[in-house]
Amino acid sequence: MPKTFLLIRLGLALWAGAASSEPTTVVPAPTWPAPDAPLTISEVRFPKGFGKRRIYLDAGHGAEGNTGNKGVTCEDEETFTLRVAEDLAKRLEATGHFQVRLSRSPGERVPYAARVTAAEQWRAHAMLSLHSDSRGTATPWSPTPDQQCNRQDSAPGFTVLWSESAEATALLQAGRASLARALARRLGQAGFPPYDGVDYEGLYAIDTEQSGVFVAREPTHRQIFVLRKPRIPSVIIETHHALDFEEAARWREQRTLEAFAAAVAQGLVDALAPEAPAKASASTPR
């Protein structure tokens with residue numbers, strides 16, 4: 001073999017070895033609530049004989065003197081919850097397997113006791129109360145020159161709350177727990193991260209079976225009317241941290257609302273048809 005050819009081959013081998021030793025840059029996948037962090041919109045699966053279930057959907061706050069928190073763009077919580085509740089109601093009913101009633105309409109001031117009574121008299125199978133959370137130590141800021149509200153960008157994620165109140169029967173408590181855990185599990189699978197609850201100390205206990213679930217437990221933890229009073233399974237879904245700018249922006253996207261609705265629907269199926277749990281559903285990353 002000619003000497004020149006050998007030198008060329010040796011040079012190529014050395015170059016290839018040097019090239020292969022170059023460090024490979026791995027770009028980390030975006031995580032929620034980054035704008036390009038993906039969500040999974042699942043096809044909801046209904047077991048045979050599931051029928052149609054009645055869901056009382058409470059748009060949190062909106063009672064007299066109770067507008068809730070004020071988010072990072074100065075939106076009142078009662079405005080956010082009604083917007084999301086109206087969207088969720090349409091998507092649940094579109095499945096053909098849920099009949100939904102909303103707790104209030106725009107401009108209405110409905111007492112919490114009246115909401116619970118309405119849900120029970122309608123014989124709802126479950127009551128979901130939608131809220132947004134306000135966490136940590138916030139900093140004042142101005143989203144526009146004529147507005148000032150609070151901002152805190154380090155505590156994103158959802159939580160689902162249920163009550164272990166002494167006045168509830170063991171069967172009712174089990175129904176609450178099952179509903180909360182099923183919803184949290186499906187929300188997590190869709191790409192919504194569970195909040196770790198660091199700011200919940202002294203308010204709620206950590207549910208030991210499912211991330212993102214917290215328990216209002218007597219006598220040391222906060223008792224909330226729509227959790228402890230209904231005689232039907234009821235939970236609160238804290239959809240996100242309202243003071244986190246990126247997360248609040250994600251909750252204005254249609255794909256977020258679509259993924260949320262699909263996760264809630266499948267969680268309801270899981271909890272309300274335990275004798276025929278939904279199989280793993282097909283999904284499409286979005």
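Strand 4 is the top contributor to the lining of the largest pocket, giving 3 residues. The model here is a predicted one, where local features need pLDDT of at least 70, side-chain atom pairs count only at pLDDT 80 or more, and totals for chains, interfaces and linings use all residues. Numbering runs from 1 along each chain as its sequence is written, and side-chain values use heavy atoms, with hydrogens and water left out.

That largest pocket holds about 360 Å³ of space (a pocket being an open set of points on a 1 Å grid over the protein atoms alone, where a 1.4 Å probe fits, with protein on both sides within 12 Å along at least five of seven lines; lining residues have an atom within 4 Å of a point). Its lining counts 20 residues, with His131, Tyr204, Arg222, Ile224 and Glu238 the closest to the centre. Two or more lining residues come from each of strand 4 (126–133), helix 5 (225–228) and strand 10 (234–241) (helices, H or I, at least four residues, and strands, E, at least two, are DSSP runs numbered from the N terminus).

The second largest pocket takes in about 170 Å³. It has 17 lining residues, and Thr73, Glu75, His240, Ala242 and Ala248 sit nearest its centre. Here helix 2 (77–94) and helix 6 (245–250) are the elements that supply two or more residues.

Key. Grid points are joined across faces, edges and corners, and a volume is the space filled by probe spheres set on the points.
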